[in-house]
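Thanks for making the time this morning.

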Amino acid sequence: MSDSAQGLRVESLSKSFGSNRILENISFDLPKGSLLSLLGPSGCGKSTTLNILAGFMSSDSGRILLGDTDIIPLPPNKRDLSLVFQNYALFPHMTVKKNVLYGLKPRRVPLDAAAKRYRTVMDLLNIAHLEDRHPGQLSGGQQQRVALARAIVVEPSLLLLDEPLSNLDAALRREVRTHIRSLQQELSQTAVFVTHDQEEALSISDVIAVLNQGHVEQIGSPEQLWREPETVFVARFMGVENILPIADVGSIAISGSLEAITSRSATGDEQFVGFRPIHAELAEHEEFAPSDERIAINVDVSARSYLGRSVEYVCSPNQLAGQEMKVEVPADRDRGFVRGDQAVLVVHRSNVRLLLAEPVRS
Amino acid sequence: MMTTSPRLTTTLTFVVLAIALVPVPVLIWTSVFGQTYLTVPPESYSLEWYLNLDRQRQLFDGLLLSLGLAVVAAVISTCIGTATAIAIRKSAIKKNAAGLESLMTLPLTIPTIVSSMALFITMTSLGRMLNMPITGTFGLLLAAHVVVTLPWTFRIMSAGAHGLNMDIERASLDLGYSRAATFFKVTLPSLRSSLGAAGILAFIVSFADLEMSLFLVAPGSTTLPVAMVQYAETRVDPALSAFAVVQLLIVMLLIVVANSVLGFSKKFAGGIKG
């Protein structure tokens with residue numbers, strides 16, 4: 001593959017602990033200079049994948065091609081990559097300067113080139129003034145930038161980032177996120193970013209691989225995943241909060257034809273439909289006009305929360321006990337339903353997505 | 001629960017300190033008495049005991065032996081303690097870690113004099129069986145001192161290793177350093193304040209040890225504490241006090257030097273903020 005010759009190619013990585021399958025056939029391609037996020041809840045295998053990429057853990061089978069070489073047989077220090085740790089892992093006994101310069105020596109970078117790279121990176125990350133401090137004297141955000149500097153100054157073929165933002169407070173997290181992305185693009189740095197945060201993955205990635213229970217559930221660009229989630233799991237992760245079995249919707253809908261939706265199916269295997277709270281609206285019984293285009297369900301309003309820009313309703317379909325659905329209405333179009341009101345939940349069929357219970361295994 | 005007032009706590013602290021430390025000035029005072037018998041007030045003052053330390057052959061040789069023994073024992077004990085602590089911290093035997101840790105400190109529960117006697121009896125029989133001298137050798141004395149100091153060095157290194165963020169080793173590996181280079185460039189230096197503390201404590205325990213040495217020293221070549229006991233059996237005079245003060249000064253000097261060289265300073269103790 002010439003287009004990914006300089007990038008990263010992971011082929012069917014598998015890993016088990018005893019009878020416990022941690023990773024099953026993880027495969028993905030990452031062109032040089034782009035950033036892939038491994039997204040998933042804890043225990044989905046994203047950290048295991050990262051550890052195998054870095055060489056801290058062995059895999060049972062599979063290949064990892066970095067450029068043209070399979071790096072699986074290589075020890076961590078012979079793989080041309082660097083890792084940014086969740087807890088930064090700065091060397092506590094070294095100054096910031098020594099921390100950042102640490103990786104240049106084994107790579108035999110000539111002194112003048114090393115000095116130049118060091119200056120550039122320290123300026124890029126805006127930490128030049130901290131060079132004589134020890135890690136213990138830095139704030140979390142500063143430590144994070146030093147860790148990033150230490151990892152990118154060696155110009156690795158692959159940069160690995162292990163939830164690097166999770167120890168920062170919310171405001172700083174956004175700022176650093178943007179910074180990491182622009183830095184990665186500026187340096188054309190191939191990178192793998194591990195996160196459990198959907199928003200983080202969407203904002204920073206070229207490609208996202210959603211992991212669930214050790215397998216890749218879906219892989220695609222942020223836009224693809226957001227607009228076209230294929231499975232229930234991915235849809236939930238992408239904010240499609242209302243998910244119902246197709247059969248249930250068919251039996252309780254008071255308006256709209258499901259056939260127009262199910263006919264879009266390529267495989268016919270989908271068993272669920274889903275839609276986002278922002279795509280639904282609530283209407284009064286009297287004013288609602290049935291049409292083929294609009295799927296409608298009778299619901300009881302059970303909660304209303306004012307969110308400023310919008311109002312979020314929680315309601316439950318009359319005929320489906322225990323099922324909760326969310327509707328988010330722009331504040332200026334809110335009708336002021338209160339708990340206990342009867343209403344009609346309406347969603348346009350173009351906003352309804354067909355979902356698989358599980359990904360199709362090849 | 002009874003609440004203690006801060007003033008009471010402070011007062012108690014000073015009382016305890018006073019009890020512990022008052023004999024020290026007395027010791028220093030008696031070491032400069034001008035006569036060979038201890039009467040208060042002294043007839044005159046003199047520094048001759050310090051100037052002529054080497055005239056007390058047995059005590060002086062004891063001092064030299066104790067110094068050498070303590071240095072070597074502290075180094076060996078710190079090495080073993082460090083290796084064990086790191087191994088337990090990193091290894092797959094983690095679930096047995098608590099058990100191993102108590103095992104390492106088990107010697108503390110046996111009165112040292114008992115260990116010493118047991119070692120003496122065992123090694124004498126073994127020596128007879130192998131037809132070679134074991135008791136009375138420097139090797140056995142050294143081994144015994146390593147044993148007696150090991151629980152301390154292990155405890156300190158274990159605490160240090162627990163505070164160590166093991167990701168720093170991984171960071172060093174993926175930045176291109178081998179395991180060995182990582183150990184010497186990252187792991188050991190990060191533990192240096194613990195190493196300093198462990199080494200000093202081991203030195204002090206060995207340097208001041210009486211019970212372990214009692215059975216194991218060779219006749220005519222004893223450690224300072226043993227020599228002092230033997231000396232005091234016949235007389236107590238300012239020379240003995242002078243040696244005690246020298247002993248004290250060596251330990252104090254060591255602590256001061258270690259403090260400045262190893263830099264147990266605030267910035268270092270702070271470590272990495274989470």
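Before anything else, a word on terms: two strands are said to pair if DSSP finds at least two bridges between them. Please also keep in mind that what you see is a predicted model.

With that in hand, look at strand S14 of chain A, residues 294-306, which runs antiparallel to strand S17 of chain A, residues 342-348, and is joined to S17 by seven bridges.

Elsewhere in chain A, strand S1, residues 8-17, pairs with strand S4, residues 61-66, through five bridges in the antiparallel sense, and here Ser14(A) is found opposite Ser61(A) of S4(A). S4(A) also pairs with strand S5 of chain A, residues 69-70, again antiparallel, over two bridges, where Leu66(A) stands opposite Thr69(A). The hairpin that S4(A) and S5(A) make has two residues between the strands, and Gly67(A) in that hairpin takes a positive phi near 70 degrees.

Now to the two chains together: which residues make up the side of chain A that touches chain B, by class? The contact draws 25 residues from chain A and 22 residues from chain B; on the chain A side, strand S6, residues 81-84, gives the most, with three residues, and the classes there are 14 nonpolar, 10 polar and one charged.

Finally, chain B, where helix H4, residues 57-90, packs against helix H10, residues 192-207, at an angle of about 140 degrees, the axes being 8 Å apart. Angles over 145 degrees would count as roughly antiparallel, and H4(B) and H10(B) are therefore described as oblique to each other. The crossing of H4(B) past H10(B) is right-handed. Among the residues making this contact are Ala70(B), Ala74(B) and Gly81(B) of H4(B), together with Ala198(B), Gly199(B) and Phe203(B) of H10(B), and by class the contact has 10 nonpolar, seven polar and no charged residues.

Note on methods:
Residues are numbered from 1 along each chain as its sequence is written. Chains are lettered from A and ligands numbered from 1 in the order in which they are written. This is a predicted model: local features need pLDDT of at least 70, side-chain atom pairs count only at pLDDT 80 or more; totals for chains, interfaces and linings use all residues. Helices (H or I, at least four residues) and strands (E, at least two) are DSSP runs, numbered from the N terminus. Two residues are in contact if their C-beta atoms, placed from the backbone, lie within 7 Å. Ala, Val, Leu, Ile, Met, Phe, Trp, Tyr, Cys and Pro count as nonpolar, Asp, Glu, Lys and Arg as charged, and the others, Gly among them, as polar. Axes are lines fitted to C-alpha atoms, for helices over the stretch in contact, and angles run from 0 to 180 degrees between N-to-C directions. Angles under 35 degrees count as roughly parallel, over 145 as roughly antiparallel, 65 to 115 as roughly perpendicular and the rest as oblique. A crossing is left-handed if the near helix is turned anticlockwise from the far one by less than a right angle, and right-handed if clockwise.
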